[in-house]
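Me: Hi! I'm new to this one, could you walk me through it?
Reply: Happy to, here it is.

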Amino acid sequence: MRVSWRLGLLALACFLAGCGFQLAERPLLGPSLQTLALEADDPRSDLYLALERALIAQGIQIDPTAPVRLRLVGVDTGQRVLSVSARNVPREYEVFYSGGFVLQDGQTLLLQSDPLTLTRDYNWSEFEVLGKVQEEADLRALIVDDLVDALLRQLATVP
């Protein structure tokens, strides 16, 4: 019995090692984007700060004088009421974040993304206000991370 248990564990380990599973990584940007200027109407927005961190983590130098300019456009965030109770109290909200970018080298347009809008929804409870406020903030942070990943995938297409 003990031998079969060990053989089962060994078989499981071999299966997991050989299945090809890898954690998802952010795509690497091409050599033309190793130094760029990052611009936005609001450089303190969550999207700007998260994109800046992601670019720096990939070894990209952010230089305001660089000829290649990455400008965030159409950045918007907020929430909408999805449903209300019989007493006309909001029960469910949708949090959204949207944004896109324009990539230019001098006056030459290299890439322009379509505006992306990502959403998440959550249930509201007036009895758990602090927890629900934190849940909204956490959902907004997750949306920003997903939006940054989507923007980086588009940027990775530039040689």
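Reply: One term to start with: a nonpolar core is a set of buried Ala, Val, Leu, Ile, Met, Phe, Trp, Tyr and Cys residues joined through side-chain atoms within 4.5 Å. Buried means under 20% relative accessible area, exposed over 50%, and partly exposed in between (1.4 Å probe, protein chains only). This is a predicted model, where local features need pLDDT of at least 70, side-chain atom pairs count only at pLDDT 80 or more, and totals for chains, interfaces and linings use all residues. Residues are numbered from 1 along each chain as its sequence is written, and side-chain values use heavy atoms, with hydrogens and water left out.

Me: Thanks! Which residues touch the most other members of the largest nonpolar core?
Reply: Leu 55 and Leu 70 do, in a core of 31 residues. Strand 1 (35–39), helix 2 (46–57), strand 3 (68–84), strand 4 (90–105) and helix 3 (129–155) each supply at least two of its residues. Helices (H or I, at least four residues) and strands (E, at least two) are DSSP runs, numbered from the N terminus.

Me: And which helix gives the most to this core?
Reply: That is helix 3, with 8 residues.

Me: What does Leu 55 touch, leaving out residues up to four places away in sequence?
Reply: Leu 55 has contacts (heavy atoms within 4.5 Å) with Leu 29, Leu 36, Leu 38, Ile 60, Ile 62, Leu 70 and Leu 152.

Me: New topic: is Ser 113 buried or exposed?
Reply: Ser 113 counts as buried because its relative accessible area is 8%. You'll find Ser 113 in the loop between strand 5 (108–112) and strand 6 (116–123).

Me: What does its side chain reach?
Reply: The side chain of Ser 113 comes to 2.9 Å from the backbone nitrogen of Phe 101. Beyond four places away in sequence, Ser 113 touches Gly 100, Phe 101, Leu 151 and Gln 154.

Me: Where is Val 73 found?
Reply: Val 73 sits in strand 3. Leaving out residues up to four places away, Val 73 touches Gly 99, Gly 100, Phe 101 and Val 102. Val 73 and Phe 101 are 28 residues apart in sequence, with 5.2 Å from C-alpha to C-alpha.

Me: Why does Val 73 count as partly exposed?
Reply: Because its relative accessibility is 32%.

Me: Last one: how many helices and strands does the protein have?
Reply: There are 3 helices and 6 strands, in the pattern α-β-α-β-β-β-β-β-α along the sequence. Of the 159 residues, 31% count as buried.

Definitions and conventions:
Polar contact = N/O pair within 3.5 Å; in protein donor to acceptor, adjacent residues only side chain to side chain.
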